[in-house]
Amino acid sequence: MTVDYTVRLRFSDESQAAATHTNLSAVRLDGRALWIAGDETATIERLLGDDPERPTEFGDEARFRLADFVDLPGIDADEEADVEGLARNGRFLWAIGSHSLRRKQIKERHDGQKALRRLARIEGQANRQILVRLPITDVNGVPTPVREIEADGVRHRAAALSVRDDLRRLLRDDEHLAVFLPIPGKDNGLDIEGIAVREDRVFLGLRGPVLRGWAFVLELRPYVLDEDPGRLRLHRFEDGRPYRKHVLDLDGLGVRDLCPDGDDLLVLAGPTMDLDGPVRIYRWHGACRAEVPTIVRHNLLSREMELTYGEGDDHAEGLSMLGTDRILVVYDSPAAVRLEADGSVIADVLKLP
């Protein structure tokens with residue numbers, strides 16, 4: 001991996017207190033705005049760039065609570081949503097939660113039976129089970145999420161996938177994925193970590209499970225009804241299911257993020273388990289034109305580049321196109337050299353081959 005140049009991300013005191021800056025999980029560039037999210041909150045952050053063509057710094061942060069736009073399934077609206085992917089398409093910003101379960105960790109102070117009991121505890125959080133679509137409008141020249149907009153005589157409201165169409169519920173009878181639903185994400189259980197949207201297609205990348213080296217991407221076709229504009233529904237595909245499965249030969253890795261590049265999808269790939277590497281970017285050629293469930297290998301898939309990673313840190317978690325030939329990459333658990341005294345974080349800009 002050769003870094004073309006670096007970008008400084010400046011976060012507010014509130015985001016630093018919530019540790020968003022060290023738990024970055026999703027990113028998407030939108031003109032001079034950079035949409036970004038961490039996996040410990042139920043918010044989306046917007047940073048503004050200093051140069052629309054070649055930004056070197058993003059700051060002037062604005063925070064947006066998801067609960068201010070849609071009803072979240074959790075009892076506590078501010079319970080973490082574990083937002084793992086952001087996408088910008090047309091008039092909307094999309095966000096996806098991990099949908100994963102989590103296993104308690106053994107920490108340094110834990111020992112003996114207490115440590116073993118902790119490692120046996122598995123829990124879920126309702127706010128992780130979200131797919132949200134937020135209308136975007138310009139406010140003083142800056143893209144801003146709103147509850148409702150009118151465009152071409154049509155009212156568009158903020159909308160979310162309902163409990164009836166919750167993805168974990170829809171996958172309960174899936175022949176590949178159902179048995180992994182009770183397993184925590186970091187143990188190769190269900191874990192959504194990327195979203196890409198092109199026209200009416202929504203692609204969801206799964207970090208896990210990975211089956212015999214094959215990673216999964218789910219394709220959805222969400223829509224809303226005039227009489228219920230705040231609820232996302234799912235079109236049925238030819239087999240009657242509300243989702244389509246694609247499997248990718250990522251050399252045993254899972255999907256960490258997805259990003260459209262024309263009709264292709266760039267796939268950020270890394271280990272499904274709690275490991276440091278390897279980390280790679282692949283190109284799924286013609287992904288946005290696929291009309292059937294696809295076995296993605298050989299000439300449909302190319303390895304674009306290898307990314308560096310640290311020991312226990314510097315885990316690439318999000319990527320976004322920057323111009324036509326570069327990508328911006330952000331990191332979870334950034335290495336110490338990426339952290340500045342004022343709480344800013346350094347991200348990388350890489351040139352595509």
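**Salt bridges, rings and a pocket**

User: Buried, exposed or partly exposed: which applies to Asp4?

Analyst: Asp4 has a relative accessible area of 30%. Buried means under 20%, exposed means over 50%, and partly exposed lies in between (1.4 Å probe, protein chains only). So Asp4 is partly exposed.

User: At what pLDDT do side-chain atom pairs count?

Analyst: Residues are numbered from 1 along each chain as its sequence is written, and side-chain values use heavy atoms, leaving out hydrogens and water. This is a predicted model: totals for chains, interfaces and linings use all residues, local features need pLDDT of at least 70, and side-chain atom pairs count only at pLDDT 80 or more.

User: How many salt bridges does a search of the whole structure find?

Analyst: A salt bridge needs a side-chain nitrogen of Lys or Arg within 4 Å of a carboxyl oxygen of Asp or Glu. Searching the whole structure gives 47.

User: How far apart in sequence are the parts that Arg326 and Asp4 tie together?

Analyst: Arg326 and Asp4 form a salt bridge, with their closest N and O atoms 2.5 Å apart. Arg326 is in strand S27 (residues 326-332) and Asp4 in strand S1 (residues 3-9), so the pair ties together parts separated in sequence by 322 residues. Strands (E, at least two residues) and helices (H or I, at least four) are DSSP runs, numbered from the N terminus.

User: Which residue forms a salt bridge with Asp325?

Analyst: The closest N and O atoms of this pair are 3.3 Å apart. The pair links distant parts of the chain: Asp325 is in the loop between S26 and S27, and its partner is in strand S28 (residues 345-351), 26 residues apart. Asp325 is partly exposed, at 28% relative accessible area. The partner is Lys351.

User: Which is buried and which is partly exposed, Arg241 or Asp174?

Analyst: Their side chains meet in a salt bridge, 3.6 Å from N to O. Arg241 has a relative accessible area of 23%, so Arg241 is partly exposed.

User: Which residues are linked with Glu80 in a network of salt bridges?

Analyst: Here the salt bridges join up into a network. The residues linked with Glu80 are Asp82, Arg102, Lys104, Arg121, Glu123 and Arg128.

User: How many aromatic pairs does the structure hold?

Analyst: Rings of Phe, Tyr and Trp (its six-membered ring) pair if their centres lie within 6.5 Å. The structure holds two such pairs.

User: Stacked, edge-to-face or tilted: which describes Trp35 and Phe64?

Analyst: Planes under 30 degrees apart count as stacked, over 60 as edge-to-face, and the rest as tilted. Trp35 and Phe64 have ring centres 6.2 Å apart and planes at 55°. So this pair is tilted.

User: In which strand does Trp284 lie?

Analyst: Phe203 and Trp284 form an edge-to-face aromatic pair, 6.1 Å centre to centre, with 75° between the planes. Phe203 lies in strand S16 (residues 201-208), and the pair ties together parts 81 residues apart in sequence. Phe203 is buried at 0% relative accessibility. Trp284 lies in strand S23.

User: Which ring does the charged end of Arg133 sit over?

Analyst: A charge sits over a ring if NZ of Lys or CZ of Arg is within 6 Å of the ring centre and within 35 degrees of the ring normal. The charged end of Arg338 sits over the ring of Tyr331, 3.9 Å from its centre. The charged end of Arg133 is 3.9 Å from the centre of its ring, which belongs to Phe92.

User: How many residues line the largest pocket, and how many of them are charged?

Analyst: A pocket is an open set of points on a 1 Å grid over the protein atoms alone, where a 1.4 Å probe fits, with protein on both sides within 12 Å along at least five of seven lines; lining residues have an atom within 4 Å of a point. Glu40, Arg103, Gln105, Lys186 and Asp274 lie nearest the centre of the largest pocket. Asp, Glu, Lys and Arg count as charged. The lining has 33 residues, and the charged ones number 21.
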